[in-house]
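Dear colleague,

Here is the model I promised to pass on, with its sequence.

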Amino acid sequence: MNPKQLLSNIKIVSLYLLVISFSLGFFSCKKSGLSQNDIFWTEKNSPEVIGEMVIDDLFTRTDLMIYITDFWTGVHYAEACTGFGAARLAGLLSDQETINKLSARYEKVIEDSLVKGAAHVDASVYGILPLELYMQDEEEKFLQQGLELADGQWEDTLPNGLTSQVRYWIDERAAMVTDSYLQELQQPNGLFHHGENAPFFWGRGNGWMAAGLAELLSELPESNRYYSSILDGYKKMMDALLTYQAEDGMWRQLIDKEESWKETSSTAMFGYAITVGVKKGILSKETFTPAYQKAWLSLVEYINEEGKVSEVCAGTGQSDDIDYYLNRPRTTGDLHGQAPVLWFAYSLLAKY
């Protein structure tokens, strides 16, 4: 296995994770291997154009999104996931200028030691970004940082073998951990409660699970002991999402509640998860292709000329009160929404 294949597996298994005109379509096809039959967009709402707008917005943010607590500091996972999405999309498009700008943006994390005391899942997940940057620019400093964070997650394990950083919220990590999550949290309808004491199908929480399952299945060998259970859980979830998708292609803040508002970050995550499944041959092309196409064409209507995504649910903790979820603030330009749009754009252009 070559170093880049190994790194691809490390990113998934150690850190888990989670979005044209004829001439432009031809340009994208040359880079990604798409056929004209795959292209359902116009120039204005193409994944390449939208992705570049969202990446440009990231570079307008001079400050990194940082956690500062009494015991640890780190780069916020929303920043990490946005940078990761930008790096992966830029790599697909052979956009070396953007890769260079991303490397420069995140060098300061190493130079200024912005990840300290990172024995916390929200800090550790930053490792996906330097590993992806290494995949694109082969700078050893990013490789070293990513591996340190990946290995650090498993320095302290529980009696059952899981990392001590595991927590049963629906926004986490890979094969053994994922299997455990499926057993603990997936409900009979295929969706996931936000947590053990939060019996609601919150959109973005389920989005993390959907994106993570799809990403994991895109790398996990079928010989893995957990592959079958993860595949079954993924298919069960995708069938449920198909049932609850709104007519215009969006999903809602609370997935199963029609009175709930349509939410963009979850829609982007579900669109990504379904696209990966279709392109990998895991999901029926005939059944699921219309779902991700409708999702993309509806989602782009929520992105303004500055590349900022609207109708993004603000950060949300667990609650046993349904009104807490229904009345959550809606934001524009929140990195929780910017990141999955980049993943979705990547999945539409990539050849799996």
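**Charged pairs**

Lys141 is partly exposed, with a relative accessible area of 32%; throughout this message, buried stands for under 20% relative accessible area, exposed for over 50%, and partly exposed for what lies in between, computed with a 1.4 Å probe on protein chains only. Please bear in mind that this is a predicted model, in which local features need pLDDT of at least 70 and side-chain atom pairs count only at pLDDT 80 or more, whereas totals for chains, interfaces and linings use all residues. Residues are numbered from 1 along each chain as its sequence is written, and side-chain values rest on heavy atoms, with hydrogens and water left out.

Lys141 takes part in a salt bridge with Glu107, where the closest N and O atoms are 2.7 Å apart (a salt bridge being a side-chain nitrogen of Lys or Arg within 4 Å of a carboxyl oxygen of Asp or Glu). This pair links distant parts of the chain, since Glu107 sits in helix 5 (residues 96–111) and Lys141 in helix 8 (residues 140–152), 34 residues apart; helices (H or I, at least four residues) and strands (E, at least two) are DSSP runs numbered from the N terminus. Glu107 is likewise partly exposed, at a relative accessible area of 22%. Lys141 also forms a salt bridge with Glu139, with 3.4 Å between the closest N and O atoms, and Glu139 counts as partly exposed at 27% relative accessibility.

The structure holds 9 salt bridges. Another of them joins the side chains of Arg88 and Glu215, at 3.0 Å from N to O. Arg88 belongs to helix 4 (residues 77–92) and Glu215 to helix 10 (residues 203–217), so this pair ties together parts that are 127 residues apart in sequence. Both Arg88 and Glu215 are buried. Elsewhere, Asp57, Arg61 and Lys308 are linked in a network of salt bridges.

**Nonpolar cores and cysteines**

In soluble globular proteins, nonpolar side chains tend to be buried together. In this model, the largest nonpolar core has 94 residues, and Met237 and Met238 are those with the most contacts inside it; a nonpolar core is a set of buried Ala, Val, Leu, Ile, Met, Phe, Trp, Tyr and Cys residues joined through side-chain atoms within 4.5 Å. Helix 15 (residues 335–349) gives the most to this core, with 9 residues. Apart from this core lies another, of 8 residues, among them Phe200, Cys313, Tyr325 and Leu326.

If residues up to four places away in sequence are not counted, the residues that Met237 touches include Gln186, Phe192, Asn206 and Phe270, contact meaning heavy atoms within 4.5 Å.

As for the cysteines, the structure holds 0 disulfides, a disulfide being a pair of cysteine sulfur atoms within 2.5 Å. Cys81 is buried at a relative accessible area of 1%, and Cys313 is buried at 0%.

**Aromatic residues**

There are 10 aromatic pairs in the structure, where rings of Phe, Tyr and Trp (its six-membered ring) pair if their centres lie within 6.5 Å, and planes under 30 degrees apart count as stacked, over 60 as edge-to-face and the rest as tilted. Tyr324 and Tyr325 form an edge-to-face pair, with 5.2 Å from centre to centre and 85° between the planes. Tyr324 is partly exposed, with a relative accessible area of 26%, whereas Tyr325 is buried at 0% relative accessibility.

**Loop residues**

His76 lies in the loop between strand 2 (73–75) and helix 4 and is buried, with a relative accessible area of 11%. Leaving aside neighbours within four places in sequence, His76 is in contact with Met65, Ile66, Tyr67 and His336.

Ser94 is placed in the loop between helix 4 and helix 5 and counts as exposed at 58% relative accessibility. Glu311 is found in the loop between helix 13 (285–299) and strand 5 (312–313), and counts as partly exposed at 22% relative accessibility.

With best wishes
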